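Notes follow in the order I took them.

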Amino acid sequence: MPKFKNLEAEMVRCSLKNEDFANELAITPQTVRRKLNGEVGITIEEAKRIQKLLLERNPQANYTIDFLFAE
């Protein structure tokens, strides 16, 4: 079950998949899934890169780290 519901919703809105985050973060899609499920921690640098990728897809949005990674 996804830990970060806001992030999951924005991924759908922006048509992003785990593979897109995996490419951006240079990790496997399985590791992305584990991070999004809360099994493995997300670093602040990874959170910023995810935020940047979402903003590139939706420049009008005001995605904050706190919003995207709220539990």
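I call a residue buried when its relative accessible area is under 20%, and exposed when that area is over 50%. The model I worked from is a predicted one.

**Entry 1**

I started with E46, which I found in helix α4. Its relative accessible area is 14%. The cut-off for buried is under 20%, so E46 is buried. Next I looked up the contacts of E46, setting aside neighbours within four places in sequence. I found L25, K35 and G41.

A47 lies in helix α4 too. I read a relative accessibility of 4% for A47, so A47 counts as buried. What does A47 touch, leaving aside its neighbours within four places in sequence? I found I42, I65 and F69. I also checked A47 against E24: they are 23 residues apart in sequence. Their C-alpha atoms are 11 Å apart in space.

**Entry 1: α2 against α4**

I then turned to the pair of helices. Helix α2 runs over residues 18–25, and helix α4 over residues 44–57. At what angle do α2 and α4 pack? I read about 120 degrees, with the axes 10 Å apart. I noted the crossing of α2 with α4 as right-handed.

Which residues make the contact between α2 and α4? From α2 I listed D20, F21, E24 and L25. From α4 I listed E46, R49, I50, L53, L54 and R57. I sorted the residues of this contact by type: five are nonpolar, five are charged and none is polar. E46 is on this list, and E46 is the buried residue from my first entry.

**Entry 2: the buried side of α2**

I asked which residues of α2 are buried. They are F21, A22 and L25. These residues cover an arc of only 105 degrees around the axis, so they sit on the same side of α2. What do the buried residues of α2 pack against? I found α1, α3 (29–36) and α4.

**Entry 3: the loops on either side of α2**

I looked at the loop between α1 (5–13) and α2, where K17 lies. K17 has a relative accessible area of 53%, so K17 is exposed.

S15 is found in the loop between α1 and α2. Is S15 buried or exposed? I read a relative accessible area of 55%, so S15 is exposed. I then checked the backbone of S15. Phi is near 55 degrees, a positive value in a residue other than glycine. I flagged this because most residues other than glycine have a negative phi.

What follows α2? I found A26 there, with a positive phi near 55 degrees. A26 is in the loop between α2 and α3. A26 is also exposed, with a relative accessible area of 70%.

Technical notes
Residues numbered from 1 in each chain as written. Predicted model: local features only at pLDDT ≥ 70, side-chain atom pairs only at ≥ 80, totals over all residues. Heavy atoms only, no water. Axes fitted to C-alpha atoms, helices over the stretch in contact; angles between N-to-C directions. Helix = DSSP H or I, 4+ residues; strand = E, 2+ residues; numbered from the N terminus. Left-handed = near helix turned anticlockwise from the far one by under 90°. Contact = heavy atoms within 4.5 Å. Nonpolar A, V, L, I, M, F, W, Y, C, P; charged D, E, K, R; others polar. Buried < 20%, exposed > 50% of the residue type's maximum accessible area, 1.4 Å probe, protein only. Arc of directions from axis to C-beta.
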